[in-house]
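Open the model in a viewer and keep the selection panel at hand. The stops below say what to select and what is there.

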Amino acid sequence: MAPRLKLFAPLLIFALLALLLFRGLSLDPREMPSALIDKPLPEFELFSLGGQRTLTREDVTGQVSLFNVWATWCVSCRVEHPYLQQLADAGVPIVGVNYKDEDAAALQWLQDLGNPYTVNIADRDGTLGLDLGVYGAPETYVVDADGVIRYRHVGVVDERVWRSILEPIVLELTASEVN
Amino acid sequence: MIRLCTVVMAVWSALAVLSAHAVIETYEFSSPELQERYQSLSAELRCPKCQNQNIADSNAPIAQDLRRLLYEQLEKGSSDQEILDYMVARYGEFVRYRPSFDSATAALWLAPIVLLLGGFGLLILTVRRRSGAVALDSLSASEKDQLRSLVDAAEKEV
């Protein structure tokens, strides 16, 4: 009987492999947790977009907010822009990190398409982006009231991403802040 | 024909050389030792954007930034470990092609050894079983007699 059962070994191995590979199909290798989760937002000292004043970490933290890394050269940023505007209109504070961009082009973009940001940090050389571990725009971070990074989303923020991922985190953080 | 081959070979190697140097900016290092460390570190650091390339090979803007950063840190006098720690603090263990050993990467480091040992174990088991099956000891006394008489009969015929 035992040698008979042995004939099923290849089938078993195949089934195991198939299961593993099938699981692999639904995993996105680009979905990497940020190395800065549960760490404070890095210190920085950069001009606001347009260059009137210097911004530091303290100027942009204090409430639960989204940090959106964007640039005019980034095509997906244009795609997500209308939805960010919608969120801003609904009262979600969004801090812009204008990443490796030119001020004039960025200001023009905001004038043409609308400005969903409470404030924009002009990260011209990408130094803040580097400290954040940004590897491509758009990226969106959820930062809590103490300035601690709670989540990073890589890619476009749309209704699905907001409803299923970001909004629950924001709501939970806001609730714990009140208590 | 030989001439054609030579021409094709020459074009081919020229292309290979071109593509190998397409990405690389030129950094002037203050010492050849720094240059060497730059080469080995940029080959070991993984590009976060294009995940299956190291930053030496990648043309992504983030890889260019990381190469510049690597150059600056080397010239500043940072040790290899300091540079790797700096990168890992921002991009996670993912950024190294040889991640440090911890609970998350244990399977990654140990799997090859476990699989190799398992393979050897299976090999030894199989070989033992096969050699056991044809051993003369497994014949009973009457079977041995039968074998001997068969051999004798065959020898007589010759």
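Start with chain A and chain B shown together: about 1200 Å² of area is buried between them, and carbon and sulfur atoms give 52% of that area. To see what chain A brings to this, select M32(A), L130(A) and Y135(A), which supply 45% of the area that chain A buries against chain B, more than any other three residues. Keep in mind throughout that this is a predicted model.

**The contact between the chains**

Next, select the residues that touch across the boundary: 16 residues of chain A are in contact with 17 residues of chain B. The interface of chain A and chain B holds 2 salt bridges. For one salt bridge, select R90(B) and D131(A); their closest N and O atoms are 2.9 Å apart. On the chain A side, colour helix α6, residues 127–132, which gives the most to the side touching chain B, with 3 residues. Polar contacts can be displayed too, and 3 residue pairs across the interface of chain A and chain B are in polar contact, both residues of each pair being at pLDDT 80 or more.

**Y86(B)**

Now select helix α4 of chain B, residues 80–91, and find Y86(B) in it. Which residues is Y86(B) in contact with, leaving aside its neighbours within four places in sequence? In chain A they are L130(A) and D131(A), and in chain B they are L69(B) and Q73(B). Draw a distance between the C-alpha atoms of Y86(B) and Q73(B): the two residues are 13 apart along the chain, and the separation is 9.8 Å.

**Chain B as a whole**

Of the 158 residues in chain B, 27% are buried. Chain B exposes about 11400 Å², with 64% supplied by carbon and sulfur atoms. Among contacts in chain B with a separation of 6 or more, 50% join residues 24 or more positions apart.

**A nonpolar patch**

For the last stop, select F101(B), W109(B), L110(B), I113(B), V114(B) and L117(B), which form a nonpolar patch on the surface with about 610 Å² of accessible area together. Within this selection, I113(B) lies in helix α5 of chain B, residues 106–133. I113(B) is partly exposed, at a relative accessible area of 47%.

Note on methods:
Residues are numbered from 1 along each chain as its sequence is written. Chains are lettered from A and ligands numbered from 1 in the order in which they are written. This is a predicted model: local features need pLDDT of at least 70, side-chain atom pairs count only at pLDDT 80 or more; totals for chains, interfaces and linings use all residues. Side-chain values use heavy atoms; hydrogens and water are left out. Patches are made of residues with over 30% relative accessible area and no salt bridge: like charges are joined within 9 Å, nonpolar side chains (Val, Leu, Ile, Met, Phe, Trp, Tyr) within 5 Å. Accessible areas come from the Shrake-Rupley method with a 1.4 Å probe; for residues, only the protein chains shown count as cover. A salt bridge is a side-chain nitrogen of Lys or Arg within 4 Å of a carboxyl oxygen of Asp or Glu. Helices (H or I, at least four residues) and strands (E, at least two) are DSSP runs, numbered from the N terminus. Buried means under 20% relative accessible area, exposed over 50%, partly exposed in between (1.4 Å probe, protein chains only). Contact means heavy atoms within 4.5 Å. Buried area is the accessible area (1.4 Å probe) that two parts lose on being put together, summed over both. A polar contact is a pair of N or O atoms within 3.5 Å; within protein, one must be able to donate a hydrogen and the other to accept it, and residues adjacent in sequence count only if both atoms are side-chain atoms.
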